Amino acid sequence: MTRVTDALDPETVERVRALVQSAARVIALTGAGVSAESGVPTFRGAGGLWNSVRAEDLATPEAFGRDPRLVWEWYGWRRALVLQCAPNAAHRALADASRRHPSCRVITQNVDGLHAAAGGPAPLELHGSLFRIRCTRCPDRRDDRDPIDASSYETLPHCERCGSLMRPDIVWFGEALDETVLSEACRLATAAQLCLVIGTSAVVYPAAGLAKLTLRGGGTVIEVNVDATPLTDIATFSLRGPAAEIVPRLLGETQSAT
Ligand code: BV8
Ligand code: ZN
């Protein structure tokens, strides 16, 4: 039975803190909501990116094939936006927790790089990175060129080895996730005693399925989100409120730490 609770309920915060502290292996599965308070727009819900543009027009290999300049323009805009943003208290608390406890790992769907910017061990980035590009043809050709000039097809980045167009190193809809990253995420999720699901609408697969692996492995799921999600019912606790406020309370060394 899920206990849905207001972010500030001190009894629940204490119970979840105790669960976190007693778990030998913890994963944090994060989504766009963890970066919302840093100023990065989410995808779904009020103010979400998918309200003004269609994912099919910009975040699929077909869209890139049709109009690479348009897709690069959009990713260039997102890069510039994220470069104005800094990690918030939730990113910092997760980075601190994984520094203190190497068995605590961050698995993120985000491509904004803010977990890495907060320091600590590298997060597993399931959907790639806004700040890497890769060749559409050579499987091993990646770099971090910036900025991208999308003013014409000719100025778009091309591979220095084969001359083909470079694309964002992002997993688009309909594309497989990197096999190594996904199998490591599945391994960590299955072995985790606790899975904190933070700021994700939990509708994109296979990422959303990771919390179910923890449950199947005998672990507990705790959700932190301003709204209900399809995972709310499998969570032991669903803490309703902003991640930057709640996560430091759950993970900080003392309850007053933020
Ligand atoms: C694959 C790149 C197979 C773009 C992204 C039907 C049923 C089930 C599955 C499918 C289906 N049809 C198709 C599929 C598969 C599809 C999928 O899941 N579709 C869903 C949407 C129906 N999945 C795929 O295509 C995946 N690939 O399956 O491959 C395959 C195998 C072999 C060979 C070939 C193929 C690939 C999925 C990757 C898609 N790429 N991003 C980009 O970033 O540019 S997904 C996109 O959604 C985002 O990038 C993000 O990573 C992901 C998840 O979103 P969230 O992070 O959760 O963000 P969202 O806005 O939705 O939610 C924010 C949440 O935060 C909300 O809940 C909100 O309440 C909360 N919040 C807001 N503020 C706060 C907060 N919480 C706390 N604090 C706050 N302050
Ligand atoms: Zn190439």
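## Basis of the model

Helices (H or I, at least four residues) and strands (E, at least two) are DSSP runs, numbered from the N terminus. The model is predicted: local features need pLDDT of at least 70 and side-chain atom pairs count only at pLDDT 80 or more, while totals for chains, interfaces and linings use all residues. Residues are numbered from 1 along each chain as its sequence is written, chains are lettered from A and ligands numbered from 1 in the order in which they are written, and side-chain values use heavy atoms, with hydrogens and water left out.

Cys 138, in the loop between β5 (128–135) and β6 (142–143), and Cys 159, in the loop between β6 and β7 (166–170), are 21 residues apart and link distant parts of the chain.

Ideal angles for four tetrahedral donors are 109.5 degrees. Cys 138 is buried, with a relative accessible area of 9%, and Cys 159 is buried at 5%; buried means under 20% relative accessible area (1.4 Å probe, protein chains only).

## Helix α11 and its packing

Of the 9 residues of α11, 7 are buried, so this helix is largely enclosed by the rest of the structure. Among them are Ala 243, Ile 246 and Val 247. The buried residues of α11 pack against α1, α2 (33–36), α7 (89–100), β8 (194–198), β9 (220–225) and β10 (237–240), contact meaning heavy atoms within 4.5 Å.

Helix α1 (residues 10–22) and helix α11 (residues 243–251) pack at about 55°, with axes 8 Å apart. Axes are lines fitted to C-alpha atoms, for helices over the stretch in contact, and angles run from 0 to 180 degrees between N-to-C directions. Val 13, Val 16, Arg 17 and Val 20 of α1 meet Arg 249, Leu 250 and Leu 251 of α11.

## Loop geometry

A cis peptide bond, with omega about -5°, joins Asp 146 and Pro 147; Pro 147 lies in the loop between β6 and β7. Tyr 205 and Pro 206 are also joined by a cis peptide bond, with omega about 5°, and Pro 206 is in the loop between β8 and α10 (209–216).

Conventions: Buried < 20%, exposed > 50% of the residue type's maximum accessible area, 1.4 Å probe, protein only.
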